[in-house]
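Here is a short briefing on one protein chain.

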Amino acid sequence: MGDNFSARIRESADKHKSRIVLALDINYTDRDSAIIFAKNNINLLKEYICAVKINFHLMLPLDLYSEVKEVTDLAHSYNLQTIADVKLNDIGDTNIVALSHLWSGGFDAATVSSFVGFEGLKEIISHAHENNNGVIALVYMSHKSAADTYGLKIIEPKSGKTMKMYEMFLNWVEELGADGIIVGATVPEVIKQCSERVKDKILIFSPGIGWQGGDAREALANGSDYLIIGRSILESKEPDKEAAKLRSFTWQIA
């Protein structure tokens with residue numbers, strides 16, 4: 001597959017004819033159930049997705065270097081990309097150590113909080129690219145209270161211009177060459193604004209489909225490249241049929 005994350009996920013999407021990133025947001029508290037759930041769903045849904053997103057629901061109860069690595073290895077065996085949804089947001093040295101562990105655990109990309117700042121993002125992106133991996137930066141999250149922070153009006157330090165917080169984050173990731181951004185499906189107008197700026201340069205990943213009120217068609221029509229979907233598939237009566245249905249209609253939307 002391609003040398004960098006953006007190329008690899010595009011190849012996976014083309015191979016599987018899918019824009020769906022499966023969010024393995026698992027509610028199990030015991031280790032055995034968590035890993036069985038993860039593996040079973042990757043095996044069941046491998047034909048309908050292009051990547052797997054794993055967050056702390058799965059990473060915390062499991063061992064990164066053995067059990068989580070089993071999950072990422074399984075995903076890779078089906079040519080699926082793996083995303084560590086850790087929303088990294090710490091000092092530089094700590095971020096780099098954390099990323100090094102994630103790469104060793106088999107992850108192809110990690111999500112990062114843009115609140116880490118311009119220089120913090122720069123360090124993270126440089127480190128990821130040195131390892132042929134990707135960074136997906138948070139620009140506007142999908143939950144209801146996201147407007148409390150990402151939607152704040154601020155004065156941008158360098159230019160002195162008034163703008164929204166997410167607009168400053170978008171400026172940063174565009175300048176630094178992040179691989180992707182997170183923009184919630186619940187804010188299609190923000191997706192459109194971001195797409196007009198970074199389409200074909202930075203991939204747009206949109207969570208919040210279904211349970212949080214986001215609409216898949218609307219997100220894609222406004223410029224999202226990939227849909228991050230978890231509960232709408234995993235908690236349906238027949239996850240494979242739900243995933244197949246979502247793949248079918250979303251792949252056709254330009």
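Two strands count as paired if DSSP finds at least two bridges between them. Helices (H or I, at least four residues) and strands (E, at least two) are DSSP runs, numbered from the N terminus. By that rule β3 and β4 pair: 3 bridges join them, and they run parallel.

The model is predicted, so local features need pLDDT of at least 70 and side-chain atom pairs count only at pLDDT 80 or more, while totals for chains, interfaces and linings use all residues. Residues are numbered from 1 along each chain as its sequence is written, and side-chain values use heavy atoms, with hydrogens and water left out.

**The barrel**

- The strands form a closed barrel of 8, in the order β1-β2-β3-β4-β5-β8-β9-β10, with parallel pairing.
- Neighbouring strands of this sheet are turned by 30° against each other on average, direction ignored.
- Axes here are lines fitted to C-alpha atoms, for helices over the stretch in contact, and angles run from 0 to 180 degrees between N-to-C directions.

**Strand β1 and its neighbours**

- β1 is joined to β10 by 3 bridges, and the two run parallel. V21 has I228 as its bridge partner in β10.
- β1 is also joined to β2 by 3 bridges, again parallel. Here A23 has K53 as its bridge partner.
- Both faces of β1 are covered: I20 and L22 are buried on one side, V21 and A23 on the other.
- Buried means under 20% relative accessible area, exposed over 50%, and partly exposed in between (1.4 Å probe, protein chains only).
- Helix α11 (residues 239-251) lies across β1 (20-23) and β10 (226-229). α11 runs at about 150° to β1.

**Strand β3**

- β2 (residues 51-55) and β3 (residues 81-88) pair in the parallel sense over 5 bridges.
- In that pairing, I54 stands opposite A84, and N55 has D85 as its bridge partner.
- On the β4 side, L88 stands opposite V112.
- 7 of the 8 residues of β3 are buried, so this strand is largely enclosed by the rest of the structure.

**Helix α6**

- α6 (residues 118-130) has 13 residues and reaches 18 Å from its first C-alpha to its last. That is close to the 18 Å expected at 1.5 Å a residue. The expected span is 1.5 Å times one less than the number of residues.
- Its buried residues are F118, G120, L121, I124, I125, H127 and A128.
- Those residues pack against β3, α5 (92-104), β4 (109-112), β5 (134-140) and α7 (165-176). Contact means heavy atoms within 4.5 Å.
- An α-helix has 3.6 residues a turn, so residues three or four places apart point the same way.
- N132 follows α6 and has a positive phi, near 60°.

**α6 against α7**

- The axes of α6 and α7 come within 10 Å and cross at roughly 35°.
- The crossing is right-handed. A crossing is right-handed if the near helix is turned clockwise from the far one by less than a right angle, and left-handed if anticlockwise.
- F118, L121, K122 and I125 of α6 meet W172, V173, E175 and L176 of α7.
- These contact residues divide into 6 nonpolar, no polar and 2 charged. Ala, Val, Leu, Ile, Met, Phe, Trp, Tyr, Cys and Pro count as nonpolar, Asp, Glu, Lys and Arg as charged, and the others, Gly among them, as polar.

**Loop residues to check**

- Most residues other than glycine have a negative phi.
- K17 is not a glycine, yet has a positive phi of about 50°. K17 lies in the loop between α1 (5-16) and β1.
- D200 is not a glycine either, and has a positive phi of about 75°. D200 sits in the loop between α8 (188-198) and β9 (203-206). At 70% relative accessibility, D200 counts as exposed.
- S18 is found in the loop between α1 and β1. At 0% relative accessibility, S18 counts as buried.
- S18 and I49 are 31 residues apart in sequence, but 5.4 Å apart in space, C-alpha to C-alpha.
- Leaving aside neighbours within four places in sequence, S18 is in contact with A13, Y48, I49, C50, R247 and W251.
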